[in-house]
Amino acid sequence: MSSKLPKKALNLKQFLLRQEVLKLYREIFRTLRKVPDETTRLELKDWARSDFKNNKHHTDETAIKSMLFYGRKSLKDLERSLGLSKS
């Protein structure tokens, strides 16, 4: 009897890590909406999209966690510089 799961099905750890990445992506774009200068906002959006796109091939859990840490730190720095810190 064959499994009904697709061959590329994620295990639980991978699924949870993927959810963290998607959450960070959404948080970054919500924050970028608050950037007052349109040109800067568009540049930051392009940068964020390309950064996520360029790193989507990674499958190593440690590498992904490291990138998540860096992404969260960058988001906090952006929020601080915009004066949007949630505190």
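User: Which residues make up the largest nonpolar core here?

Analyst: In this predicted model, the largest nonpolar core is made up of eleven residues in all, namely L17, L24, I28, F29, L32, V35, A48, I64, L68, L75 and L78. Helices α1 and α3 each supply at least two residues of this core, and the largest share, five residues, comes from α1.

User: OK, what is the chain built from, in order?

Analyst: The protein chain has three helices and zero strands, and from the N terminus on its elements run α-α-α. Its radius of gyration is 16 Å, well over the 12 Å that the globule rule gives for 87 residues, so the chain is more spread out than a compact globule. The C-alpha atoms fill a box of roughly 60 × 25 × 20 Å when this is taken along the principal axes.

User: And how much of the chain is buried?

Analyst: Buried residues make up 17% of the 87 residues, where buried stands for a relative accessible area under 20%. As for contacts between residues at least 6 apart in sequence, 65% of them join residues at least 24 apart.

User: Back to α1. Which of its residues are buried?

Analyst: The buried residues in α1 are L17, L24, I28, F29, T31 and L32. They cover an arc of only 165° around the axis, which puts them on the same side of α1.

User: What does that side pack against?

Analyst: The buried residues of α1 pack against α2, which is residues 38-54, and against α3, which is residues 61-82.

User: What about the length of α1?

Analyst: Helix α1 covers residues 12-32, and its 21 residues reach 30 Å from the first C-alpha to the last, which is close to the 30 Å expected at 1.5 Å a residue.

User: Which residue caps its N-terminal end?

Analyst: That is N11, with a side-chain oxygen that lies 3.1 Å from the backbone nitrogen of K13.

User: How does Q14 sit, and how far is it from D46?

Analyst: Q14 is found in helix α1 and, at 36% relative accessibility, counts as partly exposed.

User: Now α3. Where do its buried residues fall around the axis?

Analyst: In α3 the buried residues are I64, L68, G71, L75, L78 and E79. Seen down the helix axis they fall within an arc of 95°, so they line one face of α3. These buried residues pack against α1 and α2.

User: What is on the face turned away from that buried side?

Analyst: That face of α3 carries the exposed residues T62, F69, K76, R80 and S81.

User: How does the span of α3 compare with what it should be?

Analyst: The 22 residues of α3 should span 32 Å at 1.5 Å a residue, and the end C-alpha atoms are 31 Å apart, which agrees. The helix is followed by G83, whose phi is positive, near 70°.

User: Is L78 buried or exposed, and what does it touch?

Analyst: L78, which has its place in helix α3, is buried, with a relative accessible area of 18%. Not counting residues up to four places away in sequence, L78 touches T31, L32 and L44. By contrast, L78 and R18 are 23 Å apart in space, C-alpha to C-alpha, and 60 residues apart in sequence.

User: What does I64 touch?

Analyst: Leaving out residues up to four places away in sequence, I64 touches L17, V21, H58 and T59.

User: Where is T59, and is it buried or exposed?

Analyst: T59 is found in the loop between α2 and α3, and it is exposed, with a relative accessible area of 69%. T59 and P6 are 53 residues apart in sequence, and their C-alpha atoms are 17 Å apart in space.

User: What about H57, and what does its side chain reach?

Analyst: H57 has its place in the loop between α2 and α3 and counts as exposed at 56% relative accessibility. The side chain of H57 reaches the backbone oxygen of N54 at 3.2 Å.

Technical notes. Residues are numbered from 1 along each chain as its sequence is written. This is a predicted model: local features need pLDDT of at least 70, side-chain atom pairs count only at pLDDT 80 or more; totals for chains, interfaces and linings use all residues. Side-chain values use heavy atoms; hydrogens and water are left out. Helices (H or I, at least four residues) and strands (E, at least two) are DSSP runs, numbered from the N terminus. The expected span of a helix is 1.5 Å times one less than its number of residues. Buried means under 20% relative accessible area, exposed over 50%, partly exposed in between (1.4 Å probe, protein chains only). The arc is that of the directions from the helix axis to the C-beta atoms. Contact means heavy atoms within 4.5 Å. A polar contact is a pair of N or O atoms within 3.5 Å; within protein, one must be able to donate a hydrogen and the other to accept it, and residues adjacent in sequence count only if both atoms are side-chain atoms. A nonpolar core is a set of buried Ala, Val, Leu, Ile, Met, Phe, Trp, Tyr and Cys residues joined through side-chain atoms within 4.5 Å. The radius of gyration is taken over C-alpha atoms; the globule rule is 2.2 Å times the number of residues to the power 0.38.
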